[in-house]
Amino acid sequence: MKIPSTLLLLAVLTFPLSTPAAPPSDQSVNQLLQLTKVDKHMDSVLAQMEGAMKASLQQATKGKPLSAEEQAVLDRQQAKMAGIMKEELSWEKTKDLYVQAYRETFSQEEIDGLIAFYRTPAGQSLVSKQPELTKRTMAILQQRMAPVRQRIQKMSEETALELQKAGAENPPGPKTN
């Protein structure tokens, strides 16, 4: 049986469209991570997280004055938490995870395109302004979280009351008929 030449040509032309994209090389992913200064961005994110933790601990005290000893305990706690975060989220410990995530997410062609973009003045502008952009968006989100926390707190209190009420109406124990 002879395959018509048109069908053969169509199969040959569509074959490259159906093959999966090649995964990026570790070298190209590392090049992209270096161009985008992900390691420096991680430092900025860690600093912001540390600031958020400090604010959270202060909010936990609800503005009540603390003794010097209590403040020292909170300061030590915050320093320990910051140390753990810096240790566990250090670039040395997370770099391989980033490379893996990029390799699983992007094709070689996409990584090449991103590298080309980040080599441009616009790409480098994005890289240099990213920490400030992240700082501003985090501030916006923190402002939005205050009313969210209040609503959740109110809902939690209402749920606790409902649970108490349900428990009083249906005390545990054997049922009587």
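## What Gln108 touches

Leaving aside residues up to four places away in sequence, Gln108 touches Ala22, Pro23, Pro24, Ser25 and Ser28 (contact means heavy atoms within 4.5 Å). Take Pro23: it sits 85 residues from Gln108 along the chain, yet their C-alpha atoms are separated by 5.3 Å.

A quick note on the numbers: this is a predicted model, where local features need pLDDT of at least 70, side-chain atom pairs count only at pLDDT 80 or more, and totals for chains, interfaces and linings use all residues. Residues are numbered from 1 along each chain as its sequence is written, and side-chain values use heavy atoms, with hydrogens and water left out.

## One side of α6

Gln108 belongs to helix α6, residues 108–118 (helices are DSSP runs of H or I, at least four residues, numbered from the N terminus). Which residues of α6 are buried? They are Gln108, Ile111, Ile115 and Tyr118, where buried means under 20% relative accessible area with a 1.4 Å probe, protein chains only. These residues cover an arc of only 90° around the axis, so they lie on the same side of α6 (the arc is that of the directions from the helix axis to the C-beta atoms). An α-helix has 3.6 residues a turn, so residues three or four places apart point the same way.

## What that side packs against

The buried residues of α6 pack against α2 (26–35), α5 (91–105) and α7 (121–169). Tyr118, for instance, has contacts that include Leu32, Leu35 and Val127.

Terms used. Helices (H or I, at least four residues) and strands (E, at least two) are DSSP runs, numbered from the N terminus. Buried means under 20% relative accessible area, exposed over 50%, partly exposed in between (1.4 Å probe, protein chains only).
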